[in-house]
Amino acid sequence: MIILVGYVTGRSKVLGDHGQPVLSRLAFFVASPALLFDTLSAADVQSVLGPQLLVAGISAFAAAGLYLLLARFILPKRDGSETVIGALSASMVNSANLGIPIAAYVLGDAALAAPVLIFQLAIYTPIYVAAMDSTTLAEARRRADAGGPSGHDAGRSPGPKRPPNRWVAFWRQVGHIAVNPMIIGSVLGLVFSATGWVLPEPIAESISLIAGASIPAMLLAFGMSLVGSKPFEKAAGRRPDVALASAIKLLVHPLLAWVVAGPLFGMEGNELLIAVVLGSLPTAQNVFVSASRYETGMVASKDTILITTIVAIPAMIAVALIFA
């Protein structure tokens, strides 16, 4: 219902042309860090940094690896950088904008989204940034040697800017992670939980009030983002990419999460449900941000995000009903 309200709000332009990005930034930079701090400060540290973190990591890397393997045969003409973006579309979940509200409403605790969020921000992001920097640098050199662009990526400009020195890029990424508001809220929450520290009541109550705006703001912003979306345009020529990434994200990734959590780690009941629901989350919007940054895979990532988001929400509800 909240997503529908967001869609109607976007269609009616009640908040103007910039309402959706402003609402998203409010949720990301202010309300969601407050929510993560509020929930994690009262959570068990071991449960946050325990097996669910490993399940999120193993299943994501397996899904990405499967896409890379299949793309070699199904999409042989794609550049390496575009293939990496496709692998991200198949494996990186929307742990913040949808993961937190899904964890709150479907699983009953917003803190349950923290393991996958921490994995993606602290581990997965530096790895894929390093991969994108190295592949785009190699492709830029090949284009320079050939005297022009490769032309394999729909809508791609004549080559991305030359990536900075690898170590400079690495430390820059470390700095970005360190100041990410989600990471700051999560780390502070875990510190308060581990030490037993408690904030003064007026401050704690203020943080709780701000945290209460997170989930409605994220769902409203997502609903507004659906206005005017037109996936699967034939002219873009990326339907096979979208189909492959969407199939792995919607079908294979949850199955991998179940295999790792159940048969491999021996999880049962609610713990197994948590792992599968988190693995069923749709593709993260950050994938399109990265595609735009590197000027490759933008069409496929945008369409995969939209399709997996529309399908994943009822699918996660079905998963919860099955396990219940």
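**Exercise 1.** In this predicted model, state what volume the second largest cavity has, and find which residues line the second largest cavity.

*Solution.* Begin with the space itself: the second largest cavity has a volume of about 50 Å³. Next, collect the residues of its lining, which are Tyr67, Glu82, Ile85, Gly86, Ser89, Asp241, Ala245, Gly297, Ala300 and Thr304. Then place this lining on the secondary structure, where helix H5 (80-91), H12 and helix H15 (298-323) are the elements that each give two or more residues. Of these, H5 makes the largest share, with four residues.

**Exercise 2.** Divide the lining of the second largest cavity into nonpolar, polar and charged residues.

*Solution.* Sorting by class gives four nonpolar, four polar and two charged residues in the lining of the second largest cavity. The charged ones can be picked out by name, for Glu82 and Asp241 are both in the list of lining residues, and Asp and Glu count as charged.

**Exercise 3.** Determine how many cavities of 30 Å³ or more the model holds, and describe the lining of the largest cavity by element and by class.

*Solution.* The count comes to three cavities of 30 Å³ or more, and the largest cavity contains about 80 Å³ of space. Its lining is made of 14 residues, among which Ala56, Ser59, Val116, Leu278 and Gly279 lie nearest the centre. Two or more lining residues come from each of helix H4 (51-74), helix H7 (114-146), helix H12 (239-264) and helix H13 (269-279), and the largest share, five residues, belongs to H4.

Note on methods: Residues are numbered from 1 along each chain as its sequence is written. This is a predicted model: local features need pLDDT of at least 70, side-chain atom pairs count only at pLDDT 80 or more; totals for chains, interfaces and linings use all residues. Side-chain values use heavy atoms; hydrogens and water are left out. On a 1 Å grid over the protein atoms alone, a cavity is a set of points where a 1.4 Å probe fits but cannot get out, and a pocket is an open set with protein on both sides within 12 Å along at least five of seven lines; lining residues have an atom within 4 Å of a point. Grid points are joined across faces, edges and corners, and a volume is the space filled by probe spheres set on the points.
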